[in-house]
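This report walks through selected features of one protein model, from the pairing of strands to the packing of side chains. Please keep the sequence and the structure in view while reading.

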Amino acid sequence: MIFFYLPALFLFCHQISAIPIPNGLLGNVEVECTDTTIEAVFLTESNFLGRVFVLGHSQDKECVSREIGRRTTSITVPRDKCGVETVQHGKGSGYTSSVNIVISFHDKFLTKVDRAYNITCLFAPTGDVVSYALTVQPSLLKDIQVLADQPNCEYEVFDVRTRRPAEVVHVNAPLEHVWTCDGANLDLFCMRVHDCVINEGKSKRRSRIIDSEGCSLDTSRLPQLRYDNNKLSARVMSKAFRFGDDVAVEFECNVRLDLRNGTSCPRPRC
């Protein structure tokens, strides 16, 4: 009787790669100062889908704006909240109010196209108001990056008949390969299985079975993977096989996690 042996399966470390955000700013930020508020208005290259917030106050609802769906977005900051700093410049010299505002093109993460501005309003003794905005150096943004917990991913092969993890099976026995990622913030990511290889037992030969794009290189042995649109999971049905006299076949796969850009995840074009 011929057996197909599956030893412990390995899942290589997954990696996070940020998807480029197809947007950016046009022109300069427009600022309007009043006795009670500081308003900043931004014009973007395409419809804005991110957020604008006061540096250090991204969790305070009064200090965050999510005006999305159009090419202009703005934030109005109360001068007595959100860490606005007001400095009196001596009797009869007026005063200034300053605030650091960040425009972020992703709803939860900072991207390379995000900008931070130090906005200062000068209230002159005459009653006139002068405002200006300076772009803050990128180093200021380093302190406000929000890193989500990365999901944990597993790769298992199940015996279809017993629905248990496969260990020793017959050649041609039906198997199901399953890759799943669990944890917090799953809706922020897309997954792709790629660069899978087979270690051929005693011969120690390594054969690629899934390429760098996530496409099967031998569909007779391993058909194209199916992804679950609502979960971070992929699966495929196959039959147990072996190479020559080797009785042990070991699979190794990589799983890549990308930041989701939109409502759906891109899939391999195989």
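Two strands are said to pair if DSSP finds at least two bridges between them, a strand being a DSSP run (E) of at least two residues, numbered from the N terminus. The model is predicted, so that local features need pLDDT of at least 70 and side-chain atom pairs count only at pLDDT 80 or more, whereas totals for chains, interfaces and linings use all residues. Residues are numbered from 1 along each chain as its sequence is written, and side-chain values use heavy atoms, with hydrogens and water left out.

Five strands make up an open sheet, in the order 14-13-16-20-19, with antiparallel pairing. Strand 14 (164–165) and strand 19 (226–227) stand at the edges, and because each has a single partner strand, one side of each is left without a neighbour in the sheet. Within the sheet, strand 13 (residues 152–159) and strand 16 (residues 174–182) run antiparallel and are joined by eight bridges; C153 has C181 of strand 16 as its bridge partner.

**The nonpolar cores**

A nonpolar core is here a set of buried Ala, Val, Leu, Ile, Met, Phe, Trp, Tyr and Cys residues joined through side-chain atoms within 4.5 Å. The largest has 28 residues, and those with the most contacts inside it are W179, M191, V193, L225, V255 and L257. Strand 17 (189–199) is among the strands that each supply at least two residues of this core, and the largest share, five residues, comes from strand 17. A second, separate core of 21 residues includes A40, C82, V99 and Y117.

Contact means heavy atoms within 4.5 Å. Leaving aside neighbours within four places in sequence, M191 is in contact with residues including W179, C181, V255 and L257.

**Two residues compared**

By relative accessible area, buried means under 20%, exposed over 50%, and partly exposed in between (1.4 Å probe, protein chains only).

| Residue | Relative accessible area | Class |
|---|---|---|
| S98 | 18% | buried |
| E32 | 48% | partly exposed |

S98 lies in strand 10 (residues 95–104), and its side chain is joined to that of T120 by a polar contact of 3.0 Å, a term for a pair of N or O atoms within 3.5 Å of which, within protein, one must be able to donate a hydrogen and the other to accept it, residues adjacent in sequence counting only if both atoms are side-chain atoms. Beyond four places in sequence, S98 is also in contact with residues including G83, V84 and E85.

E32 belongs to strand 4 (residues 25–33) and, not counting residues up to four places away in sequence, touches T37, I38 and E39. E32 and T76 are 44 residues apart in sequence and 9.1 Å apart in space, C-alpha to C-alpha.

Key: Helices (H or I, at least four residues) and strands (E, at least two) are DSSP runs, numbered from the N terminus.
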